[in-house]
Every structure is written in C-alpha cells, then in structure tokens.
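Me: I would like to go through the labels on this model one by one. Please set each value against its cut-off.

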Amino acid sequence: MTQHHISADEARALIATNAKISIEARRAVRWFRWFVIVQAFFALSFTISLDVFHTPYWKAFAPMLLGTGSIWMTAFLHRRSAPRDGLRNMGIAVATWFVLYTWMLDPALQLVGATSSWWWALAGIIAVSPILACLSASSRR
Amino acid sequence: MTHPRKDLDSLIHSPVRFSLLAALRNLEDVDFRFLADLLEVSDSTLSQTLTALLEAGLVTVRKEPSGRRTRTWVGITDAGRAAFTQHLATLQAIVDSGDPATTSPPRTEKEHLTP
C-alpha cells in the first residue's frame, strides 16, 4: 500500500502547482477567443463600411481579406492548442456569415428598400452571430 | 473525526497525474501533443498517465483521423473533475490544519476504482 508523508507545506506546494498549471493552461488556449472576436470584428467592419459608409466594395473587401488571412495563418500555426473542432467550426461560421449577408440579408434589404443605416447595421450583427457563437464551448459539442 | 489526509486520492496524488488533471480542469478537449508540451512530459509518460486515469474513468481519450495521421483528444470527465476538486479541498484542509508530516495512507487506486 502506498504511504504518503504529506505535510502542510507539501499540500501548500501542490495547491500552488495547481494554480500555476491552471494559469498556464488557460493562457495557452486564450488566443482562440481573440481569434473569434477579431474575425467577427473584421466581418462586421466589412459590412458596415460597405452598406453604412458606402465604401467601394474592393476597398472594404481587400483589408478584410488581408486581416482574415493573417489571423487564419496565425490560428493555423497554433492549431495544436485550438479547441477540438474549433477551427472547423470557425470555417463554417465564416462561410455562413458571407453567404447569409451577401446572398440573403443584403439583397432582402435592397428589395424592401430599407434606407435607415440601422437596418444594415442590424443585418451585419445578425450575419456575424454564427462567428460569435464559436466563442461558446457548447458550439463544439 | 478523521484527518483530512485520509481523503487524499493516491491515484491523483502522483505529480504527473495531479498536473494533468489540473490542466484538463481548465480546458476543453485538448490535443495530446499540446498537453505533452504544456506539462513538459514525454509522450510515453503522458500515455501511461492517461491510461491509469482512463481506467479510473477520470479522463476521456478520443482518437480521430486527421489527414494521414491520427489525432488524440484528451478531456476530463465529470467524475475526474469532482475527484480533483475533492483532492484540492483535502489539500486545502491539510494546509488549514497546519498539521506536521504524517504517515497515514491515502485511498488506494484499488479503492478508487471500486464504485
């Protein structure tokens, strides 16, 4: 039978070890949350600059594409610490955002003749919601 | 009244197993290699540690094909989370009691596996 000689100091050291590992573990995977937030920011900025500030399409699209490419390359480099199915779900979410906005919400608002910027901003927020859903751990279960 | 040390779980008490559960408690399912890097242990050590914890039902291990390779995902079960939380509470109780060194045995692995 295993015999343990554990003193209060040893117990304190183990508790400290737990705290240290917990911090390191959380820090190692924290990037994914920022990846999702920054991707959502790029996506929302693109739709708002396009339909609220009437920026020419390519002037809005090029920075979004460049930013998205950069964060995806970074995410790929850190893929080992990404949550299970995290990157796959993000890929699906970004594709959903693009299709939802450019093929559905944008044509629909043009069809009904929406003039208020708030409608376009709201459409942008709705379209970006699949990306933000990737923040939730339950989205990967 | 029993001393808190008697509630220590010998399965969890090993340094690598303790560290592994401490890490998993804060994470979703994680990649095997990532875990090995995080804990600074070799693949074989991590593999042996996981086998022991898997048999006790404290962790989950899933293998998924990824291209031409297989990727291994490791997670903690509810039982593992509860056992580790209990272990930490026991350690805290020992700290609070400020008791000097003791030789009493904690629960054995065999006891741990018994429902």
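Reply: What follows takes the labels in turn.

Reply: This is a predicted model, where local features need pLDDT of at least 70, side-chain atom pairs count only at pLDDT 80 or more, and totals for chains, interfaces and linings use all residues. Residues are numbered from 1 along each chain as its sequence is written, while chains are lettered from A and ligands numbered from 1 in the order in which they are written.

Me: What makes Asp85(A) partly exposed?

Reply: Asp85(A) has 17 C-beta neighbours inside 10 Å, so it is partly exposed. Asp85(A) lies in the loop between helix 2 and helix 3 (86-111) of chain A. Its phi is also positive, near 65°.

Me: Why does Leu53(B) count as buried?

Reply: Leu53(B) has 26 C-beta neighbours inside 10 Å, so it is buried. Leu53(B) belongs to helix 4 of chain B. Residues are in contact if their C-beta atoms, placed from the backbone, lie within 7 Å. Not counting residues up to four places away in sequence, Leu53(B) touches Arg17(B), Leu20(B), Leu58(B), Val59(B) and Gly80(B).

Me: What makes the set of 33 residues a nonpolar core?

Reply: A nonpolar core is a set of buried Ala, Val, Leu, Ile, Met, Phe, Trp, Tyr and Cys residues joined through C-beta atoms within 7 Å. The largest has 33 residues, and those with the most contacts inside it include Leu21(B), Leu24(B) and Val59(B). Helix 2 of chain B gives the largest share, 6 residues.

Me: How do you know that helix 4 of chain A has close to its expected span?

Reply: The expected span is 1.5 Å times one less than the number of residues. Helix 4 (residues 117-133) has 17 residues and reaches 24 Å from its first C-alpha to its last, close to the expected 24 Å.

Me: Where is the kink in helix 4 of chain A?

Reply: The kink, about 30°, lies at Ala127(A), shortly before Pro130(A). The bend at a residue is the angle between axes fitted to the seven residues ending there and the seven starting there.

Conventions:
Helices (H or I, at least four residues) and strands (E, at least two) are DSSP runs, numbered from the N terminus. A residue is buried if 20 or more other C-beta atoms lie within 10 Å of its own, exposed if 12 or fewer, and partly exposed in between; C-beta atoms are placed from the backbone. Two residues are in contact if their C-beta atoms, placed from the backbone, lie within 7 Å.
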